[in-house]
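Have a look at the structure first.

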Amino acid sequence: MAEQYSLEAQLRTVIGKQVKALRRENLVPAVIYGAGGEPVHITCAYRPLEIVLQKSGATHLINVTVDGGKHTALVREVQRDKIKRTIQHVDFLRVDLSKKLRADVPIVLVGEPKLSSDLQLTHNIQSIEVECLPTDIPDHIEVNVSQLLTLGAQITVNDLAGYKGVEFLSDPQEVIARVDSLETSGTEEDMAAEPSAVTLEPEVIEKGKKEEADF
C-alpha cells in the first residue's frame with residue numbers, strides 16, 4: 001500500500017469574498033467532495049497544508065481530520081495566486097477505498113541512451129491514465145529509455161510492464177518516448193510542435209485562481 005498522509009482541518013462557514021480574511025490569518029479555504037457524503041467546506045493551516053501537498057502530489061491518499069471525523073481523499077486541484085504562487089484554495093476528492101477510480105499518473109524516464117550527435121530523445125507524453133483502487137495508485141510510471149539507440153526506436157504504452165491491480169487506459173499505441181533526428185526539428189515551427197523533453201515529476205496540477213464566489 002502506498003504511503004498515506006494526515007492533515008488537520010476545521011469546518012468553515014465563510015464563503016465567497018469573505019475568504020480573503022481567512023488568508024490574512026494564514027488559513028487556506030478548501031473543500032472535500034465526492035464519495036460518501038455531501039461537500040464539506042474546511043480551512044487548513046497554510047504551512048502544514050503546503051508540506052502535505054509537496055509530499056502527496058496527486059497520487060497519495062490524505063486522511064483529512066475535521067472535527068473528529070476522517071475523510072480519506074486525493075488532491076484534485078490546487079489553485080494558486082498567479083504572481084506569488086501562494087496556495088489559494090484546494091479541492092479534495094473523497095474516495096471509497098473499495099471502489100476503483102481513474103487517475104493520471106506521471107511518467108518518469110530513467111536511463112540515458114548513448115545517441116549519436118544527430119539524434120535526440122523526445123518525451124512525447126507526460127502522464128498515463130490508469131484505473132485501480134485508491135490504495136494501488138502508483139507514485140509514477142518509470143520508463144527505461146537506455147535501450148533506445150537508433151532513429152525511430154520508441155516505447156509505447158503497450159510496451160510498459162504491468163502493475164498489479166492497475167489497468168492502463170491510455171491508447172496502447174501512444175508513443176511515450178522516441179528517438180528523432182535533430183534535422184527534423186530544427187525550425188521554429190517544428191520546435192513549437194515538438195513535445196517537451198523535460199521529465200515531469202509527480203505533482204498536483206495547478207490552475208489559476210478561481211472567482212472568490214466559487215470558494
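## What covers helix α2

Start with the buried residues of α2: what covers them includes β1 (5-11), β2 (27-34), β3 (40-45), β4 (62-66), β5 (69-80) and β6 (87-94). Cover here is a matter of contact, meaning heavy atoms within 4.5 Å. Helices (H or I, at least four residues) and strands (E, at least two) are DSSP runs, numbered from the N terminus. Before going further: this is a predicted model, where local features need pLDDT of at least 70 and side-chain atom pairs count only at pLDDT 80 or more, while totals for chains, interfaces and linings use all residues. Residues are numbered from 1 along each chain as its sequence is written, and side-chain values use heavy atoms, with hydrogens and water left out.

Which residues of α2 are buried? They are Tyr46, Leu49, Glu50, Val52, Leu53 and Ser56. Because their arc around the axis is only 165 degrees, they sit on the same side of α2; the arc is taken from the directions from the helix axis to the C-beta atoms. As for the cut-offs, buried means under 20% relative accessible area, exposed over 50%, and partly exposed in between (1.4 Å probe, protein chains only). Just after α2, Gly57 takes a positive phi of about 55 degrees.

β6, one of the strands over α2, is itself mostly covered, with eight of its eight residues buried. Two strands count as paired if DSSP finds at least two bridges between them. With β2, β6 pairs in the parallel sense over five bridges, and the bridge partner of Val31 in β6 is Asp91.

With β5, the pairing of β6 is antiparallel, over seven bridges. Here Arg80 has Ile87 as its bridge partner in β6. The hairpin of β5 and β6 has six residues between the strands, and in it Arg85 takes a positive phi near 65 degrees.

## A four-strand sheet

Elsewhere there is an open sheet of four strands, in the order β10-β7-β9-β12, with mixed pairing. β10 (141-144) and β12 (167-168) stand at its edges with a single partner strand each, so one side of each has no neighbour in the sheet. Within this sheet, β7 and β9 run antiparallel and are joined by six bridges.

## Salt bridges

How many salt bridges does the structure hold? There are three, counting a side-chain nitrogen of Lys or Arg within 4 Å of a carboxyl oxygen of Asp or Glu. One links Glu50 with Arg47, with the closest N and O atoms 2.5 Å apart. These two are three residues apart in helix α2 (residues 46-56), which means about one helical turn separates them. Arg47 is partly exposed, at 46% relative accessibility, whereas Glu50 is among the buried residues of α2.

Another salt bridge joins the side chains of Arg102 and Glu131, at 3.5 Å from N to O. Arg102 lies in strand β7 (residues 101-110) and Glu131 in strand β9 (residues 127-132), so the pair ties together parts that are 29 residues apart in sequence. Glu131 is partly exposed, with a relative accessible area of 23%. Then there is Arg178 with Asp180, whose side chains meet at 2.7 Å, N to O. Arg178 is partly exposed at 23%, while Asp180 counts as buried at 11%.

## Rings and cysteines

There is one aromatic pair, going by rings of Phe, Tyr and Trp (its six-membered ring) with centres within 6.5 Å; planes under 30 degrees apart count as stacked, over 60 as edge-to-face and the rest as tilted. The pair is Tyr163 and Phe168, and it is edge-to-face, with 6.3 Å centre to centre and 70 degrees between the planes. Tyr163 is partly exposed, at 30% relative accessibility.

As for disulfides (cysteine sulfur atoms within 2.5 Å), the structure holds zero. Cys44 is buried at 0% relative accessibility, and Cys132 is buried with a relative accessible area of 0%.

## The chain as a whole

Zooming out, the secondary structure comes to three helices and 14 strands. Of the 215 residues in the chain, 42% are buried. Among contacts in the chain with a separation of 6 or more, 69% come from residues 24 or more positions apart.
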